[in-house]
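Hi everyone, thanks for making time.

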Amino acid sequence: MQSIITFYDPKRKTIVSYGSSRPCGHNHNRFSIHAEHIAINYCLKNDKKNRYKIFISRFNKEGKHKTAFCCPACTKLAKKYKFENRIFTFDENRNWILAVVDNPIISLAYQIKYDI
């Protein structure tokens, strides 16, 4: 399931860019490059004034919105680069909430891989 990334500039009140997470092939040690990782790399290169807000969104097979919280690795990365208050997702009522949480759950792919 892909995550959709949106970069929003609150000063100009516009969407600056958008993208999505991407799966990796069999020759990689990861299943995918998470949306948060792509978003942080984008902001480090393109957002010199640190004002963009990052919105991560997911949809299930029926096309309904699904809340997307950061995994443990993405949470650690966001805290390292001080993005923990700039990455958001949407709840069931489509309100903004922080995507970085204190006790993130391990993604399903890694639970299967490591049989947790």
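**Contacts, strands and charges**

Let's start with Pro104, which touches Cys70, Cys71, Pro72 and Thr75, leaving aside residues up to four places away in sequence. Before I go on, please keep in mind that this is a predicted model. Pro104 sits in the loop between strand S8 (96-98) and helix H3 (108-114). From Pro104 to Cys70 is 34 residues in sequence, yet their C-alpha atoms are 6.6 Å apart.

Now the strands. Which strands pair with S5? One partner is S1 (residues 3-9), which runs antiparallel to S5 (residues 53-59) over six bridges; here Ile4 is opposite Ser57. Another is S7 (residues 87-90), parallel to S5 over two bridges, with Phe55 facing Phe88. Then there is S6 (residues 65-66), antiparallel to S5 over two bridges, where Phe59 has His65 as its bridge partner. S5 and S6 make a hairpin with five residues between them, and in that turn Gly63 has a positive phi of about 85 degrees.

Finally, the charged pairs. How many salt bridges does the structure hold? There are three. Asp9 and Arg12 meet in one of them, at 3.0 Å from N to O. Asp9 also forms a salt bridge with Arg51, with 3.2 Å between the closest N and O atoms. That pair connects distant parts of the chain, 42 residues apart: Asp9 is in strand S1, and Arg51 is in the loop between H1 and S5. Asp9 is buried, at 0% relative accessible area, whereas Arg51 is partly exposed, at 27%.

The remaining pair is Arg86 with Asp47, whose closest N and O atoms are 2.6 Å apart. Arg86 and Asp47 are both buried. As for Asp9, Arg12 and Arg51, shared partners join their salt bridges into one network.

That's my tour, and I'm happy to take questions.

Key
Residues numbered from 1 in each chain as written. Predicted model: local features only at pLDDT ≥ 70, side-chain atom pairs only at ≥ 80, totals over all residues. Heavy atoms only, no water. Pairing = 2+ DSSP bridges. Helix = DSSP H or I, 4+ residues; strand = E, 2+ residues; numbered from the N terminus. Contact = heavy atoms within 4.5 Å. Salt bridge = Lys/Arg side-chain N within 4 Å of Asp/Glu carboxyl O. Buried < 20%, exposed > 50% of the residue type's maximum accessible area, 1.4 Å probe, protein only.
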